[in-house]
Amino acid sequence: MLAYNEAVARVLESVCPLPPAEKLLPEVHTGQILAETAFARLDLPRAATATMDGFAFAHASLSIGAPLQIVGFVPAGGNFNRHLGLSEAVRIMTGASLPAGCDTVVPLEQAEQQDDRLRLATSPALGDYVRQRGDDFSRGDQILAAGTILDSGAIGLLAAAGVLQLKVYPRPKVAILSTGDELAPLTDLPQPDKIINSNAYMLAARLREEGIEPVLLGIAGDRVASLEDQLQQGLDADLLLTIGGTSTGDLDLVQTAFNNLGFSEVFWKVAIKPGKSVLFGLIGSLPVFGLPGNPSASATTFELFVRPALQRLSGFCNPLAPQLKVKLAVGVTGGGKRQQFFWGKLKIVSGGLHFFPTKQQQRSQFYDLLGVHALLPVPIDNPVLPAGSEVEVILLRSLD
Ligand code: AMP
Ligand code: MG
């Protein structure tokens, strides 16, 4: 059976970033990826600027030895429209542009104003408390490289540099179809022979955590015609995923429905636990995943295969979740012929990060998924990892 590493490599080979689109900066979502180099459209600061509330003057005035005469006041955003002569000073506020002729600022605390006379308590150096024009960047400078994740810092920088419009990778449109005659929507309590389509809500919530608003296609029955019919509605998405019906039971018909829609299979079944019967391929260029129905299997295969595909579509340079070396807080027994994945929480214990596997990892247990941060892969044929071992986990969420 295909190994996890090989399977995820095949996903990444099969999926290309979406075509970038022009967006206005205020409409960019945090976490979107910049698709082109960004250049400053102006100098910052735009002129020499005071970095403290104080007094500005020409440093050369100090050699004269006479007190400076205060001839004006410059607030931030204001200007002083004449050249300052020697022995003249202005009272100036933080962020205000220095009048022509000034090059040095002394903070209020280091100066004494008597009427319009200024006495200094210190001997400032030339250029003290002044940011020069273009200190941060100059017009035309490259400020961010293509591939940058647009976090709040990046968005602030772009705004400061006057970048109003930019090319970003769009958020992928993801369609989810649940499959199974036993499934009922979350409207009322279902009959005893039905269960609620809970995985769809879980995966929709997970997508929202990633900034993606999913399209829920509802529930298809275990009949090829029903599956095909409802899958059609997801063919205009950027990624289509189904839940359930990918195993080898008589009513596992998802693969047949995919095939009828022109599916070209990349893999079916991976040597992992949970989630062995995961199915992946393309319909045209549309990446299509058939996730197994057990909640833990759906959640695990989502993280292992779907999320990297989404990151790739979204233009991330590193589509794989980072791996982190941590201490195992409680021993686990995994191994066997399939690579086993344990959900768990990361906690800081005595200054170090420890991984606490959640409960028994029994499939269909949403409890195992509560508040988790990471997945621990346990190698094939290496069944016992004692408490205290150093392990590498796949980091899915930041710590609370
Ligand atoms: P399947 O992969 O279709 O064989 O389903 C495996 C198990 O997961 C069965 O017990 C299903 O009832 C359950 N299951 C399948 N789809 C869902 C879903 N959308 N929500 C919750 N449980 C599901
Ligand atoms: Mg089923």
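A polar contact is taken here as a pair of N or O atoms within 3.5 Å; within protein, one of the two must be able to donate a hydrogen and the other to accept it, and residues adjacent in sequence count only if both atoms are side-chain atoms. The structure is a predicted model, in which local features need pLDDT of at least 70 and side-chain atom pairs count only at pLDDT 80 or more, while totals for chains, interfaces and linings use all residues. Residues are numbered from 1 along each chain as its sequence is written, chains are lettered from A and ligands numbered from 1 in the order in which they are written, and side-chain values use heavy atoms, with hydrogens and water left out.

Ligand 1 is surrounded by 13 residues (a heavy atom within 4 Å), of which the closest are Glu182, Asn197, Asn199, Gly245 and Gly293. An N or O atom in the side chain of Asn197 lies 2.8 Å from a nitrogen atom of the ligand, and a backbone N or O atom of Ser198 is 3.3 Å from a nitrogen atom of ligand 1. An oxygen atom of ligand 1 is placed 2.8 Å from a polar backbone atom of Gly293.

Helix α3 (residues 198–209) and helix α6 (residues 295–313) have axes that come within 11 Å and cross at roughly 35 degrees, where helices are DSSP runs of H or I of at least four residues, strands are runs of E of at least two, and both are numbered from the N terminus. The axes are lines fitted to C-alpha atoms over the stretch in contact, with angles running from 0 to 180 degrees between N-to-C directions. In α3, Asn199, Met202, Leu203, Arg206 and Leu207 meet residues of α6 that include Phe302 and Leu310, contact being defined as heavy atoms within 4.5 Å.

Leu241, in strand β17 (residues 239–243), is buried, with a relative accessible area of 0%; buried denotes under 20%, exposed over 50% and partly exposed in between (1.4 Å probe, protein chains only). Beyond its neighbours within four places in sequence, Leu241 is in contact with residues including Leu203, Phe289 and Phe302.

Most residues other than glycine have a negative phi, and most peptide bonds are trans. Phi is positive, near 45 degrees, at Ser350, which counts as exposed at 79% relative accessibility.
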